[in-house]
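Hello,

Here is the structure I promised to pass on. Please open it first, then read my notes below.

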Amino acid sequence: QVQLVESGGGLVQPGGSLRLACAASGSIASIYAMGWYRQTQENQRELVATITSNDVVKYADSVKGRFTISRDSAKNTMYLQMNSLKPEDTDVYYCNVDFQMLFGRRYNYWGQGTQVTVSS
């Protein structure tokens, strides 16, 4: 089995910073890509940032220049450094991992979500 554990959410004032982490553990042979998503008002998950196994990154326009995604491949852990946070960044942030199971097929898992609240 594979588990995703997210951490780092919380309450921060506008202009502040937070660092989210997502650690994947279990029977993982390799990770193709990891990403952060957040929930829209229409209850769909929108991309915040993704990073591939080749360290190709992609950001939503709304977070470019403020958020930085990175990963530690040895720990199967992904990070999202969020700076200059705005109230509109308030949301539940979900980790997503696209990976190959040991002796199995390819899977796509979601984390449980971590709340980020930006408010004075």
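Does Thr-50 count as buried or exposed? Keep in mind that this is a predicted model. Thr-50 has a relative accessibility of 16%. Buried means under 20%. So Thr-50 counts as buried, because 16% falls under that cut-off.

Where does Thr-50 sit? It is part of strand β5, which covers residues 45–52. What does Thr-50 touch, leaving aside residues up to four places away in sequence? The list is Met-34, Gly-35, Tyr-37, Val-56, Val-57, Lys-58 and Ile-69. Click through them one by one.

Now zoom out to the whole chain. It has 11 strands and 0 helices. Read along the sequence, the pattern is β-β-β-β-β-β-β-β-β-β-β. The radius of gyration is 14 Å, close to the 14 Å that the globule rule gives for 120 residues, so the chain is as compact as a globular protein of that length. Along its principal axes, the C-alpha trace spans about 50 × 25 × 20 Å.

Next, burial and contacts. Of the 120 residues, 42% count as buried. Take the contacts between residues at least 6 apart in sequence: 53% of these join residues at least 24 apart.

Then the surface. The protein chain exposes about 6,500 Å². Carbon and sulfur atoms supply 46% of that area. As for charge, there are 11 positive and 10 negative side chains. The centres of the two sets lie 5 Å apart.

Strand β8 runs over residues 77–82. Why is β8 described as largely enclosed by the rest of the structure? Because 5 of its 6 residues are buried.

Which strands pair with β8? Strand β3 (residues 18–26) is one of them, joined to β8 by 6 bridges. Strand β7 (residues 67–72) is another, also with 6 bridges to β8. Both pairings run antiparallel.

Find Gln-81 in β8. It is the bridge partner of Arg-19. Gln-81 is also the bridge partner of Thr-68.

Last, the turn. β7 and β8 form a hairpin, with 4 residues between them. Asn-76 lies in this turn and has a positive phi of about 50°.

Start with Thr-50 in β5, then move on to β8 and its bridges to β3 and β7.

Best wishes

Methods
Residues numbered from 1 in each chain as written. Predicted model: local features only at pLDDT ≥ 70, side-chain atom pairs only at ≥ 80, totals over all residues. Heavy atoms only, no water. Helix = DSSP H or I, 4+ residues; strand = E, 2+ residues; numbered from the N terminus. Buried < 20%, exposed > 50% of the residue type's maximum accessible area, 1.4 Å probe, protein only. Contact = heavy atoms within 4.5 Å. Rg over C-alpha atoms; globule rule 2.2 N^0.38 Å. Areas by Shrake-Rupley, 256 points an atom, 1.4 Å probe, with all protein chains shown as cover. Lys, Arg positive; Asp, Glu negative; His and termini not counted. Charge placed at Lys NZ, Arg CZ, Asp CG, Glu CD. Pairing = 2+ DSSP bridges.
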